[in-house]
Amino acid sequence: MSCCSTSVRQISIASEPHHTFFLKLEWAEDLGSGFVILLSDGISAWSGEVSEEDVSREAQEMEMERERYVGDLHLALTGEGPAAEGEYSFHLTPERPGRPLLQLSYEKVQNDISFRLGVVDLQAVPEPTEVIRELIRHGLEQSTRLQAKNQHLLEENQKLRREQEHITKEMQRYVQGKERLERDLYSRFVLVLNEKKVKLRDLQKRVKELEESVEENRLRNKADSEDHKAMETAAGKSPEESDYGGSTEDEQEAEPRQPDPRPLTQGSSSNFTQ
């Protein structure tokens, strides 16, 4: 099987609590297409292979969808993922007479109940030093990659920190400018408000003066009208109607009536001439 992906992790075996084991996993596309397992305790090494048919059979036996089963398998064997730690366990069945193979089983623990995900037969590697050397090389390469990634993250972190400091300074400058603008606007508002108050008081004063002037004019006009009416009433009486200037009815009858003067005609004048 041509492999293009590799994973190495440290695992604990429930049946060997005092030993540390390293599990190396190699696969092509994904674990669903099959994978190769290498197990080592630092002294000896064992290897085994799981085919694509084995994966499909295990998924059917667990009555799980294949994609979900492959996902759990990936979490269990690679340890990559937030849900891997504390949810999977490993068990190693020792060699028995007539069976020179070890069996490594991996289980999923959920609600204190274990579900076996799979099992693989492991055979001893004739040259374990080569496997151990490969594990060391992979570990060094992984460490180099992690250091490079860490260095890149540190540089990115420093860049982000500089940007954050720049943004913080800009924000402080904006806040100070905003506060100055608010103070300036408030001062102008107070100034305009005081001017409006002064104008309003002047307008109120003028309105009051106008009201007083209108009231005075009304009273003056009323007085003048009453005086005018009184004068008209007094002027409408004749002198004969007064108590001292008029004559009585008897006096008017006692006075002789004067003949109306008549004009002289032409005839009478001629007689007078003769």
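I call a residue partly exposed when its relative accessible area lies between the buried limit of under 20% and the exposed limit of over 50%. K178 has 48% relative accessibility, so I put K178 down as partly exposed. I keep in mind that this is a predicted model.

Entry one: the partner of K178. I looked up its side chain and found a salt bridge to E182, 2.5 Å from N to O. Both residues sit in helix 3, four residues apart, which is about one turn of the helix. E182 comes out at 41% relative accessibility, so E182 is partly exposed too.

How many salt bridges does the structure hold? I noted 12. One of them joins the side chains of R133 and E130 at 2.5 Å, N to O. R133 and E130 are three residues apart in helix 3, about one turn, and E130 is partly exposed at 43%.

R218 and E215 form a salt bridge as well, again with 2.5 Å from N to O. I find this pair in helix 3, three residues apart, about one turn of the helix. R218 is partly exposed at 43% relative accessibility, and E215 is partly exposed at 35%. I then followed shared partners and found K24, E26, E134, R137 and E141 joined by salt bridges into one network.

Entry three: a nonpolar patch. Which residues make the nonpolar surface patch of about 330 Å²? I wrote down I167, M171 and Y174. M171 lies in helix 3, which spans residues 128–235. With a relative accessible area of 47%, M171 is partly exposed.

How values were computed
Residues are numbered from 1 along each chain as its sequence is written. This is a predicted model: local features need pLDDT of at least 70, side-chain atom pairs count only at pLDDT 80 or more; totals for chains, interfaces and linings use all residues. Side-chain values use heavy atoms; hydrogens and water are left out. Patches are made of residues with over 30% relative accessible area and no salt bridge: like charges are joined within 9 Å, nonpolar side chains (Val, Leu, Ile, Met, Phe, Trp, Tyr) within 5 Å. Accessible areas come from the Shrake-Rupley method with a 1.4 Å probe; for residues, only the protein chains shown count as cover. A salt bridge is a side-chain nitrogen of Lys or Arg within 4 Å of a carboxyl oxygen of Asp or Glu. Helices (H or I, at least four residues) and strands (E, at least two) are DSSP runs, numbered from the N terminus. Buried means under 20% relative accessible area, exposed over 50%, partly exposed in between (1.4 Å probe, protein chains only).
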